[in-house]
Structure formats: structure tokens, C-alpha cells
Amino acid sequence: MPALEVPMRDLTNEILELIRRTSSSLPPDVEKRLRESIEKEEPGSAARGALETILKNIDLSRANSTPICQDTGTPIFQVHYPVGWSTIQLKAQIRAAMAEATKRSYMRPNAVDAIYDKNTGNNLGGDDFPYIHFEETESDELTIELMLKGGGCENVGRQYSLPENSLGAGRDLAGVRKVVLDAVQKAQGQGCAPGVLGVSIGGDRGSSYIKSKEVLFSEMGTRNEDPKLAELEERLTKESNEMGIGPMGFGGKTTVLDTKIVGLSRLPASYFVSVSYMCWAYRRRKLTVKDDEVIYD
Amino acid sequence: MKQITTPVSDEAIRDLKVGDTVAISGMMVTGRDAAHKWMIDTFIKKTRQPQGDDLQVYEELKKLLKGSIIYHCGPVVTGLDTKDYKFIAAGPTTSIREEPYQADVMKHFNVKGVIGKGGMGAKTLKGCQETPGVYFHAIGGAASFLAQTVTKVHGVFKMEFGVPEAMWLIEVKEFPVVVTMDSHGGSQHAVIDDASKKVLDELLEKPY
């Protein structure tokens with residue numbers, strides 16, 4: 001039987017709700033971290049003012065179902081589906097939900113043809129926009145996670161090929177530390193600091209960048225299981241904040257809220273380090289389907 | 001907090017210094033990547049022939065931008081079908097992408113201020129001294145909050161650029177910003193960049 005004829009639940013409306021939540025309601029763990037940061041900034045400073053405005057904006061967006069940020073970003077879906085679900089149908093449903101979300105202004109029309117500069121108007125570009133990663137799972141639960149990653153922070157992401165002599169960065173964790181700190185300094189406030197760093201070590205150029213984003217699907221404060229990497233995550237957050245860039249680059253103590261590292265396999269010849277910078281508007285939400293029940297996080 | 005209303009006088013601009021918090025009211029025009037490239041290519045460097053309604057829009061823009069402000073913003077807008085436009089999310093976009101164009105646009109149209117985020121470079125800073133003008137930093141990502149200060153959308157030019165890139169003519173009331181580049185050569189961004197680079201250099205010297 002062709003895939004499109006396999007009977008499967010239509011989740012278009014549930015995915016639409018997932019998009020609305022992701023765009024307008026910041027996850028509680030991110031909001032908590034931002035609230036904690038306020039106390040670190042001097043009363044009356046521009047840094048503290050920026051964080052206060054950010055928190056007001058978070059409340060307002062949630063109350064009115066309006067986008068937290070007007071740049072509703074690249075929609076990145078991660079789908080884990082039980083055996084028997086059709087990814088062809090799920091993809092069609094995600095695309096239909098995305099077009100409807102744009103019509104309802106949960107999303108800004110954000111897909112621009114790079115050759116002809118035309119905005120498609122509905123957030124549907126070629127096969128790659130929205131970006132969807134499917135992974136079959138042995139679980140009986142279907143999960144759809146969505147992250148919206150704005151262009152400002154995407155533009156300050158960096159990839160290094162080690163050794164990087166200008167920074168004295170060799171092919172080891174000491175070298176990784178150096179290039180990540182360099183990426184934070186170069187980003188200044190342009191990625192809408194305070195941000196969260198997704199770092200991948202290894203891979204090829206493509207997989208390295210993809211994994212540096214996928215690691216951002218985990219919760220704030222999640223540490224790598226490898227104690228060496230967990231220690232480096234904490235050290236990078238601490239040292240980034242010593243640079244005094246601060247919220248929006250106004251100067252201050254809060255530049256990076258958290259760092260997440262993932263280690264990959266690499267070729268003997270290659271040693272890539274990719275840094276994905278996520279702005280404070282760290283929009284990620286999850287939808288779980290179990291039997292007839294639909295649960296939003 | 002200082003208050004300014006567009007159109008702004010040179011005197012009011014020279015009075016603004018890095019670090020000042022300001023509430024802006026009055027008319028302004030949004031413009032970002034496509035708009036800046038279009039203005040430079042078509043009317044300033046003239047490497048591109050005017051097409052469609054270009055010349056008509058140019059005449060309108062000359063009047064609207066004189067003494068006014070360009071806002072680097074790609075909004076989320078409702079009422080597109082009925083043209084009863086409303087901004088529902090309208091924070092600043094990253095300004096540095098307009099660095100090649102901004103100073104020339106400011107001088108050509110006598111634009112007194114630019115609102116954006118992330119700051120701009122040496123060429124724009126020089127433009128701020130010559131025009132004179134200032135760079136106002138809005139809070140990036142605070143889109144729902146800032147949209148509430150947009151009291152009226154008066155119209156839109158160049159819709160063919162797409163909703164985010166079109167030039168929206170808006171009226172704002174007490175739009176909150178911080179001056180991070182002034183008309184006296186001061187730039188908060190240059191200061192923070194230098195200071196953080198020094199710390200980075202120290203960190204790079206530390207053993208692992």
C-alpha cells in the first residue's frame with residue numbers, strides 16, 4: 001500500500017498548537033535562568049533594564065499568543081516516531097501546520113528564495129524549510145520537538161578547523177575552549193545575549209553544525225555524561241561571563257546562560273568545532289502522542 | 001529618561017550621549033537589508049535603473065525620512081488581507097548588516113537616528129558625526145513589548161520585498177531605547193569590544 005494511503009492520525013492541529021506555544025511561550029527553565037540573572041546586574045544599569053524588558057516581553061507574549069521575537073526563525077523539527085508511522089504523512093502535516101501558523105501570525109513569513117529574493121509568504125521553502133529530522137524509535141510514543149532559531153543568533157555561529165594557529169588552539173579540549181571563547185567574544189551582543197552555546201566537537205562540517213543545534217534541545221543545566229565535558233561546559237559559561245559583554249552587549253555579568261557540548265566521531269584528518277549560539281529567546285517546545293492522548297510540555 | 005519626538009532637530013541629537021535612555025515618539029520608517037540595498041543602488045550610487053513605483057516612493061521617502069528615524073525591523077503584521085495593518089511583534093534586527101550602506105543613507109536623506117540592535121561600525125559612527133545622527137539600541141527579541149508602542153501603521157512601501165523587508169510607515173509612542181553611538185564619536189560597542197578582547201587574551205593565556 002502506498003504510504004499516503006496508510007491510515008494514520010492527522011496531527012495538523014496539534015502541530016499548529018505546538019508552533020503557537022513555541023513562538024509565544026518561552027520554556028520555564030529558560031525563563032527561570034533569565035529571572036535569576038537579573039539579580040546579578042547592577043540596579044539602574046542598561047544590562048538590568050534589558051533583562052527587565054525581556055521578562056516583561058515574555059509575560060506579554062504568553063498572555064497574548066504573540067511571537068516572543070518577530071524573527072520567528074528557522075523552524076527546526078525533531079520527530080521521533082514509533083514503527084509504523086509514515087514520515088511522508090507527518091511531513092505533509094508539519095508543512096500544513098506551518099502554513100496555517102503563518103496565516104495566524106504565530107510565525108512571520110520567513111522563507112526567502114536565496115536566488116530570486118522572493119519571500120514565499122507561508123514559511124514553506126524547498127524541501128529543507130522547515131527543517132525536519134525524523135528518527136524511528138522503539139518507543140510507542142511519538143514526540144515532535146520544535147525549536148525556533150532566529151537569524152541574528154544564527155549569524156554569529158562559528159565553525160573552526162583545529163589547529164587554529166591565530167588563537168594557539170590545538171587539537172584537544174584546551175584548543176576547543178579557546179575557540180569557543182573566541183566565538184563568544186566575536187558575537188558580542190549581536191546574537192541577542194544572554195545566549196546559550198551549543199558546541200559540537202568532531203564530525204564533518206555538516207554533521208558538526210547539525211549536532212551543535214540538536215544539543216540545544218536538552219534542558220538548561222543538563223550536563224554531558226562525560227565528566228571532562230561537563231566540567232568544560234561549566235567552565236565555558238563562567239569564563240564567557242568574565243568577558244563583560246552582558247545582555248544585548250551593553251556590558252554586564254550575564255553573557256552566556258549555559259553551555260552544552262556534544263562529542264562526535266571525526267576523521268583522522270579533521271577536527272571541527274562548531275558553535276551554535278542561541279539567543280535568550282530560546283524557543284523550544286515538545287509534543288508527545290501516546291495512544292489517544294496528546295501532551296504538550 | 002529623555003523624550004524625543006520626530007522630526008528631531010540637530011540640537012536635540014547633539015544633546016544625546018552614549019548611555020542615555022530615551023523614549024521616542026512620532027513617525028518613523030522601517031528598513032532593513034533589501035530596503036538599504038535598494039536605496040543605495042537606485043538613488044545614491046545609481047547602479048540600478050528605477051523600476052515600477054521606485055521614483056514615486058523615493059519622493060515620499062525624502063519627505064518622510066528628513067529629520068526622522070529608520071528602524072531596523074522586520075515585523076509580524078496582522079491585517080494583510082484587509083490592509084488594516086497592525087504590528088504584533090516588532091523588535092529590532094541586527095544592524096551590522098547595514099554597515100556598508102547606513103552612513104550614506106543617513107546623509108542622503110538627512111536621517112537623524114537609526115534604531116536597531118547589536119550596534120554598528122566605524123563607518124556609521126563617522127556618519128553619525130557628520131549628519132549628525134545617533135544610533136539607538138532597542139532590546140533585541142522584545143517583540144511583543146515593543147509592538148505595543150506602535151500606535152498606528154500608516155502604510156507600507158515596497159511590499160514586493162516581503163513583509164519583513166518592506167518599508168513600513170509607523171507611528172510610535174514612547175518607544176524605549178538606549179543611545180549606544182552618539183554624534184560626538186562615542187560608541188559603547190567599541191568600548192565593550194575592546195574591553196572583552198583584553199579579557200579574552202588573558203583567558204587564552206591561562207593553562208587548561
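A residue counts as buried if 20 or more other C-beta atoms lie within 10 Å of its own, and as exposed if 12 or fewer do. Ser105(A) has 21 other C-beta atoms within 10 Å, so Ser105(A) is buried. Its backbone is also worth a look: Ser105(A) is not a glycine, yet has a positive phi of about 65 degrees. The residue sits in the loop between α4 (87-103) and β2 (131-137) of chain A.

The structure is a predicted model. For the complex, the predictor gives an ipTM of 0.93 and a pTM of 0.95. Chain B has a mean pLDDT of 97, and 100% of its residues reach 70 or more.

Chain A can be read by its domains. Its domain assignment gives domain 1, made of 3-24 + 68-150 + 283-296, and domain 2, made of 152-278. Between the C-alpha centres of domain 1 and domain 2 of chain A there are 27 Å. Where the two touch, nine residues come from domain 1 of chain A and eight residues from domain 2 of chain A. On the side of domain 1 of chain A that touches domain 2 of chain A, the elements giving two or more residues are β1 (74-82) and β3 (142-149) of chain A. By class, that side of domain 1 of chain A holds two nonpolar, three polar and four charged residues.

One of the pairs to look for is Phe77(A), whose bridge partner in β3(A) is Leu146(A). β3(A) also pairs with strand β8 (residues 283-290) of chain A, again in the antiparallel sense and over seven bridges. Here Ile144(A) stands opposite Leu287(A) in β8(A). Six of the eight residues of β3(A) are buried, so the strand is largely enclosed by the rest of the structure.

Another sheet of chain A has an open form. Its four strands follow the order β4-β7-β5-β6 (chain A), and their pairing is mixed. Which strands stand at the edges? They are β4 (158-161) and β6 (256-263) of chain A; each has a single partner strand, so one side of each is left without a neighbour in the sheet. On average, neighbouring strands of this sheet are turned by 15 degrees against each other, direction ignored. In general, strands of a sheet pair through backbone hydrogen bonds, either parallel or antiparallel. Strand β5 (residues 195-201) of chain A runs parallel to β6(A), and seven bridges join the two. Within this part of the sheet, Val199(A) stands opposite Ile261(A) in β6(A).

A helix lies across these strands. Helix α7 (residues 205-214) of chain A lies across β4, β5, β6 and β7 (272-278) of chain A, and runs at about 35 degrees to β7(A). In the loop between α6 and β5 of chain A lies Pro194(A). The peptide bond that leads from Ala193(A) to Pro194(A) is cis, with omega near 5 degrees.

The view now turns to where the chains meet. In this contact, 48 residues of chain A meet 40 residues of chain B. On the side of chain A that touches chain B, the elements giving two or more residues are α3 (46-64), α5 (151-155), α6 (173-187) and α8 (227-242) of chain A. The most comes from α3(A), which gives nine residues to that side. The residues on the side of chain A that touches chain B divide into 21 nonpolar, 18 polar and nine charged.

Chain B has some local backbone features of its own. The peptide bond from Thr6(B) to Pro7(B) is cis, with omega near -5 degrees. Pro7(B) belongs to the loop between β1 (2-5) and α1 (10-14) of chain B. Further along, Lys46(B) is found in the loop between α2 (33-44) and α3 (54-65) of chain B. Phi of Lys46(B) is near 55 degrees, a positive value in a residue other than glycine. Is Lys46(B) buried or exposed? Lys46(B) has 10 other C-beta atoms within 10 Å, and is therefore exposed.

Terms used: Residues are numbered from 1 along each chain as its sequence is written. Chains are lettered from A and ligands numbered from 1 in the order in which they are written. This is a predicted model: local features need pLDDT of at least 70, side-chain atom pairs count only at pLDDT 80 or more; totals for chains, interfaces and linings use all residues. pLDDT is the predictor's confidence in each residue, from 0 to 100. Two strands pair if DSSP finds at least two bridges between them. Axes are lines fitted to C-alpha atoms, for helices over the stretch in contact, and angles run from 0 to 180 degrees between N-to-C directions. Two residues are in contact if their C-beta atoms, placed from the backbone, lie within 7 Å. Ala, Val, Leu, Ile, Met, Phe, Trp, Tyr, Cys and Pro count as nonpolar, Asp, Glu, Lys and Arg as charged, and the others, Gly among them, as polar. Domain bounds come from an automatic or database domain assignment.
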